[in-house]
Amino acid sequence: MSQVQILPTIRELPDVLISQIAAGEVVERPASVVRELVDNALDAGARQITLRLLGGGIRLISVEDDGCGIPADQLPIALKRHATSKIVSLEDLESVATMGFRGEALAAMNSVSDMSLLSRIEGASSAFLLEGQTGEIRPAARAVGTTVEVKELFFSTPARRHFLKSENTELAHCIEAVRRHALARPEVGFAIWHEGKIVEQWRSQPGEAGWNQRLADVLGEDFVASSVNIDFRSGPVHVRGRAGTPDAARARADQQFAYVNGRFVRDKVITHGARSAYEDVLHGQRQPVYVLYLQMDPARVDVNVHPTKIEVRFRDSREVHQAMRHAIESALAVPRAQLLSSTQLSADRTADSGSANQLQVTPSAPSQQVQGGWSQRGMPFDTQRRAEDSAQALADLKALWGGPPKVAEQTASFTSTPQLSSITSDTSPQEAQEWPLGRAIAQLQGVFILAENKQGLVVVDMHAAHERIVYERLKLQLDTTQISSQPLLIPSAFAATPQEIATAESCAEVLAQLGLEISSLSAKTLAVRAVPTSLAQGDAVELARSVLAELAQHDAATVVQRAQNEILATMACHGAVRANRKLTLDEMNALLRQMEATERSDQCNHGRPTWRQVSMRELDALFLRGR
Ligand SMILES: Nc1ncnc2c1ncn2[C@@H]1O[C@H](COP(=O)(O)OP(=O)(O)OP(=O)(O)O)[C@@H](O)[C@H]1O
Ligand SMILES: [Mg+2]
């Protein structure tokens with residue numbers, strides 16, 4: 001049976017249909033319209049942008065600005081496809097500094113809604129109104145600037161309208177779209193009205209100081225209080241903004257804002273770079289919070305990848321990943337205790353977190369890092385201290401899993417550096433008050449160290465804190481040496497997949513760095529011949545399998561780093577002082593001083609806090625003093 005083949009006729013699509021198809025890419029929901037219109041207002045130099053919505057933006061979106069306006073004779077052109085005032089050539093596109101450049105947003109909206117443009121330029125006799133449906137233009141009243149109204153979105157394409165969610169959901173997306181703009185442009189004021197009621201208002205915050213205020217206005221003062229300032233240059237990439245402390249992490253990734261040259265983007269390289277900076281201090285699935293602005297030569301980033309411009313492509317994604325990672329990592333590494341001591345932070349920090357003065361105070365310390373200020377202050381990046389630390393690390397390392405048990409016993413106490421204990425004994429109470437984590441006064445139930453500082457009481461989880469100190473030392477030590485490896489008396493053989501065998505062969509060198517030796521016995525069997533000394537007691541096959549799986553998936557460099565860190569974390573946990581061990585005051589003080597000098601000492605290796613401050617104000621409140 002032969003089927004009759006009907007020859008298709010090729011036709012050119014009508015203009016309206018072309019626009020409607022194109023609109024599908026740009027206008028997905030009311031929030032996309034909001035994003036495009038606010039982009040346009042910002043490009044026009046607006047200082048105040050007012051958004052009015054009805055029905056979650058489905059019935060009406062109106063965006064009003066005080067920008068430069070559009071001349072009457074150009075109003076109809078603005079609605080045409082591929083019509084823009086922002087670029088004229090390919091070179092312009094490659095260095096584009098405006099939000100828009102495709103010249104298609106208004107045309108797309110016009111094809112799927114009932115739209116109007118009302119605009120007035122400086123020096124014009126009046127404003128002019130253009131009706132999108134009819135193309136009719138008439139004089140109207142308005143100050144300089146533009147109002148764009150988009151009514152009944154998708155009225156002509158009912159199928160799309162069905163995809164919209166409830167009014168409340170659409171409203172929430174619209175607000176989110178403005179929030180993203182607001183975080184990037186503190187000097188511009190924003191107001192959002194829904195059904196005649198104001199739902200958000202962010203006043204213009206000009207000047208450098210405006211940034212933190214805008215962040216506080218949009219994300220809450222808690223965000224600013226529990227984040228650190230970032231100002232970091234790495235090659236051609238400049239990263240600024242704020243990153244939350246591990247404590248501030250959330251269950252959802254809903255407070256991660258990244259901007260490239262002022263444009264909000266969602267980008268895997270950026271997200272991954274940020275996430276990796278938290279790897280060591282965040283436990284489980286917790287999501288970090290941050291607002292970060294990346295600046296780079298526009299030629300290093302292609303913004304013309306996606307119609308909505310939310311995706312970008314970097315010329316060198318490695319440099320961006322590293323910049324993100326190092327920017328956050330170095331700011332977070334500074335123990336909070338140092339921030340406390342290096343600023344005018346009052347005893348009230350914990351009591352009324354988020355007070356106005358804190359906005360200026362908290363960020364000052366980490367930003368100095370960029371200018372290399374840390375070393376002058378003798379803090380952890382001091383080379384001398386680093387040298388001492390790695391000597392200490394070596395001693396610890398030997399004691400923990402290399403040397404005879406007798407030495408281990410000794411080093412597990414904190415007084416391993418003699419001068420630490422003498423400092424403690426000889427210091428006057430006034431001097432002791434200056435120590436960020438204070439002077440040890442007691443040990444509680446064999447678990448906590450209690451200390452007294454200027455602000456009041458400090459409570460330290462001694463195992464968690466020591467674990468981090470040992471871990472950081474081991475990492476430091478590993479920068480220069482290899483993990484020691486121990487051959488197995490009887491190699492552990494296991495049935496391996498072809499993938500595992502291939503990985504074991506191609507990554508032999510990386511495996512060796514990790515202290516692992518895995519070779520093939522036959523076409524289907526691998527044998528583990530050596531494991532890291534510290535893990536000699538564990539299941540060699542399980543270890544080999546998980547490392548091979550990681551190696552197969554990831555880029556070798558990150559696996560080595562991560563696997564090393566994991567191994568070290570396991571070792572640190574075994575090496576750290578156990579609960580219920582009696583410590584002398586000198587030992588406790590030595591631990592506190594080590595914490596002050598150790599990077600990331602605010603969190604244990606699993607991301608939990610190692611210490612808490614209880615301020616005098618909180619203690620007073622407990623006892624109703626001063627009421
Ligand atoms: N609020 C506004 N104020 C002044 N001019 C505007 C405004 N909105 C649009 N225009 C003018 O209309 C033109 C078309 O706007 P449209 O958003 O369609 O394209 P675009 O912004 O140039 O590029 P894109 O499609 O990438 O957004 C703009 O280039 C600009 O000249
Ligand atoms: Mg535009």
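Predicted model: local features only at pLDDT ≥ 70, side-chain atom pairs only at ≥ 80, totals over all residues.
User: What makes N40 part of the shell around ligand 1?

Analyst: A residue joins the shell if one of its heavy atoms lies within 4 Å of the ligand. An N or O atom in the N40 side chain is 2.8 Å from an oxygen atom of ligand 1, and N40 is listed with T84, S85, K86 and E104 as the closest of the 20 residues there.

User: Why is the pair between K309 and ligand 1 called a polar contact?

Analyst: The cut-off is 3.5 Å between N or O atoms. A polar side-chain atom of K309 sits 2.8 Å from an oxygen atom of ligand 1, so the pair qualifies.

User: How much of ligand 1 does the protein bury, and which elements give two or more residues to the shell?

Analyst: On its own the ligand exposes 590 Å², and the protein buries 93% of that. Helices α2 (30–43) and α5 (105–111) each give two or more residues to the shell. By type, the shell residues split into 7 nonpolar, 7 polar and 6 charged.

User: How do you know whether A108 is buried or exposed?

Analyst: Buried means under 20% relative accessible area. A108, in helix α5, comes in at 5%, so it counts as buried. Beyond its sequence neighbours within four places, A108 is in contact with A23, V26 and V27. Its C-alpha is also 9.5 Å from that of V33, 75 residues away along the chain.

User: Why do the buried residues of α21 line one face?

Analyst: The buried residues in this helix (residues 498–506) are E500, I501, T503 and A504. Looking down the axis, they fall within an arc of 165°, so they line one face. P498, Q499, E505 and S506 are exposed on the other side. The buried ones pack against several elements, including β19 (485–495) and α23 (540–553).

User: What makes the phi of Q445 worth a look?

Analyst: Most residues other than glycine have a negative phi. Q445 is not glycine, yet its phi is positive, near 50°. Q445 lies in the loop between β16 (439–444) and β17 (448–453). Exposed means over 50%, and Q445 has 68%, so it is exposed.

User: R600 has a positive phi too; is R600 buried or exposed, and why?

Analyst: R600 has a phi of about 60°, in the loop between α25 (585–597) and β22 (611–615). At 13% R600 falls under the 20% limit, so R600 counts as buried.

Conventions:
Residues numbered from 1 in each chain as written. Chains lettered and ligands numbered in written order. Heavy atoms only, no water. Polar contact = N/O pair within 3.5 Å; in protein donor to acceptor, adjacent residues only side chain to side chain. Areas by Shrake-Rupley, 256 points an atom, 1.4 Å probe, with all protein chains shown as cover. Helix = DSSP H or I, 4+ residues; strand = E, 2+ residues; numbered from the N terminus. Nonpolar A, V, L, I, M, F, W, Y, C, P; charged D, E, K, R; others polar. Buried < 20%, exposed > 50% of the residue type's maximum accessible area, 1.4 Å probe, protein only. Contact = heavy atoms within 4.5 Å. Arc of directions from axis to C-beta.
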